[in-house]
Amino acid sequence: MKQGAKIYLDYAATTPIDKKVLKAMAPYFSEKYGNPTSIHSWGQEAQTAIDKAREQVAKFLNCKSSEIVFTGSASESDNFAIRGLLKALKRCKRAGEKIHIITSQIEHKAVLETCYDLEKENVKITYLPVGNDGIINLDDLKAEIIPETDLVSIMYVNNETGAIQPIQKIGRLLEEINKNKEHRIFFHTDAVQAANWLNCDVVEKLGVDLFTLSGHKIYGPKGIGVLYIRQGTPISSMITGGDQEWGLRAGTGNVAAIAGLGFALEQIKIQDTRYKIQTEKLRDKLVKGVLTKVSESQLNGPEKPKERAPHIANFSFRGVEGESLVISLDQEGIGASTGSACTSRALLPSHVLMAMGLSELQAHSSLRVSLGKYTTTREIDYFLKVLWTVVERLRKISGR
Amino acid sequence: MYNKKIIQHFTNPKFFGKIKNPDAVGNAGNPRCGDLLTLYLKVDNPPANKTKKITDIRFQTLGCASAIAASDMICELAKGKTLDKALKISFKDVSKSLGVLPPLKIHCAQLVTEALRDAIGKYKKLSG
């Protein structure tokens with residue numbers, strides 16, 4: 001590696017916009033700038049771009065384009081899925097009838113904190129535990145289902161460990177249960193970290209009712225999210241003030257970002273499977289390298305490579321604290337993170353790693369390395385070299 | 001997130017390490033917040049009419065960048081001071097000397113003063 005080279009290993013936090021995606025977005029800033037709801041040709045031009053993107057998303061998810069809603073972020077999509085469903089359900093519930101949600105202890109904060117918030121409104125929430133591998137157990141889920149259960153929200157791939165959750169199996173289980181249940185249990189999954197890698201056929205494969213996607217994790221722009229809402233799912237608007245997005249999400253469409261997200265998803269669809277294999281190889285090299293080079297290091301998350309998304313590896317190092325590790329790596333030109341980007345400024349140990357049974361010190365000593373389509377073998381080699389030096393230095397300072 | 005001064009003390013701390021046969025050892029921190037620190041003191045043995053001074057001080061800190069920087073800073077501030085003056089070093093002094101810690105990290109300054117007070121307290125108890 002050249003002196004002063006910068007190596008980005010935080011693709012799970014965000015990805016750069018692919019140049020082709022950027023090109024697809026470019027006309028919608030100052031050339032085709034119409035408001036998509038305007039009826040003149042400027043407006044139609046913008047609306048056409050949104051329609052096209054909606055088709056691209058629908059094709060990616062194997063659903064109808066009328067089931068797609070564009071939002072301002074995946075966090076908004078998660079909020080909308082849960083709060084919007086509850087709002088609609090409440091309207092058809094009898095007085096005193098309970099609402100019950102099942103989610104997991106390892107969800108993204110967009111789901112977790114939404115649930116904490118809803119608890120204040122007397123919604124009953126069950127937070128499923130995970131095993132040491134960071135994966136929920138289907139029997140645990142089964143055991144928690146009660147007649148009042150309205151919603152199950154489980155993420156597709158955990159953003160800190162890369163652990164793949166059994167979404168397809170949950171979908172099938174709920175389908176079975178729903179056959180004999182008085183009212184339906186709806187199923188939401190946040191698939192932000194899965195979109196680049198795993199099957200996202202929402203109807204045939206996964207059997208979900210609500211499905212969250214993000215633009216900036218797939219080489220698309222920030223500030224754009226998707227919520228798939230299966231036809232017939234009760235949902236109420238959380239943002240009112242216009243009839244955009246089927247009247248479910250008011251606000252002038254972010255045309256350029258929507259066009260970029262649609263294009264980015266299309267790129268994934270046509271992407272070579274070699275790319276996935278190549279990333280898995282790099283990840284395996286990274287994991288092997290870290291565990292052999294750095295003494296007293298451990299890999300957090302599922303042991304079986306098949307149970308992990310190809311791009312994320314999470315480690316703990318004895319005698320080192322995560323934040324100082326990230327800052328030291330940054331000083332050497334390497335971008336990685338502790339846990340998730342959203343919690344890296346918080347003082348508490350990662351809720352995901354704690355749920356997996358790690359000690360507080362182990363959780364505080366964690367580092368998440370995430371790979372992307374621009375990651376090279378040389379970058380991993382360089383990272384391994386630097387990591388060893390940095391860990392040794394911090395261990396000398398900690399004396400632990 | 002951090003200013004140059006904090007980064008400098010984090011990157012090149014002068015006082016990290018252990019003292020062999022220290023006169024006192026102070027601890028602070030807990031695993032929950034992720035910071036654990038130990039301070040080692042060497043205290044001189046002046047004639048009876050003179051006050052005791054900290055002649056050497058070292059730290060070992062498992063923690064974030066600001067915890068390491070604050071540990072280094074409290075050593076810098078305490079070295080050469082009499083025990084009573086060292087006891088008066090406040091977390092604000094530590095924070096100020098580092099060009100002010102970010103609000104989320106102010107507890108790091110509290111932690112290092114705690115460790116110093118713990119060490120001095122133990123020393124005073126031992127030496128009667």
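**View 1. Polar contacts across the interface of domain 1 and domain 2 of chain A.** Across this interface, 17 residue pairs are in polar contact, both residues of each pair being at pLDDT 80 or more. Helix 10, strand 10 and helix 12 (351-355) of chain A each supply at least two residues of the side of domain 1 that touches domain 2. The largest share of that side, four residues, comes from helix 12 of chain A. The model shown here and in the following views is predicted.

View 2. Chain A is divided into domain 1 (7-17 + 272-398) and domain 2 (19-270), and their C-alpha centres lie 28 Å apart. The contact takes 36 residues from domain 1 and 35 residues from domain 2. Between them the domains bury about 2,900 Å², 57% of it on carbon and sulfur atoms. Ile17(A), His351(A) and Met356(A) supply 23% of the area that domain 1 buries against domain 2, more than any other three residues.

**View 3. An open sheet of three strands in chain A.** The strand order is 9-10-12, with antiparallel pairing. Strand 9 (297-300) and strand 12 (366-370) stand at the edges with a single partner strand each, so one side of each has no neighbour in the sheet. From one strand to the next, the twist averages 30°.

**View 4. Strand 10 of chain A with strand 12 and helix 10.** Strand 10 (residues 312-317) runs antiparallel to strand 12 and is joined to it by five bridges. Val369(A) in strand 12 is the bridge partner of Ala313(A). Helix 10 (residues 273-293) packs on the sheet, where it touches strand 9, strand 10 and strand 12. The direction of helix 10 makes about 5° with that of strand 10.

Note on methods. Residues are numbered from 1 along each chain as its sequence is written. Chains are lettered from A and ligands numbered from 1 in the order in which they are written. This is a predicted model: local features need pLDDT of at least 70, side-chain atom pairs count only at pLDDT 80 or more; totals for chains, interfaces and linings use all residues. Side-chain values use heavy atoms; hydrogens and water are left out. Two strands pair if DSSP finds at least two bridges between them. Axes are lines fitted to C-alpha atoms, for helices over the stretch in contact, and angles run from 0 to 180 degrees between N-to-C directions. Contact means heavy atoms within 4.5 Å. Domain bounds come from an automatic or database domain assignment. Buried area is the accessible area (1.4 Å probe) that two parts lose on being put together, summed over both. A polar contact is a pair of N or O atoms within 3.5 Å; within protein, one must be able to donate a hydrogen and the other to accept it, and residues adjacent in sequence count only if both atoms are side-chain atoms.
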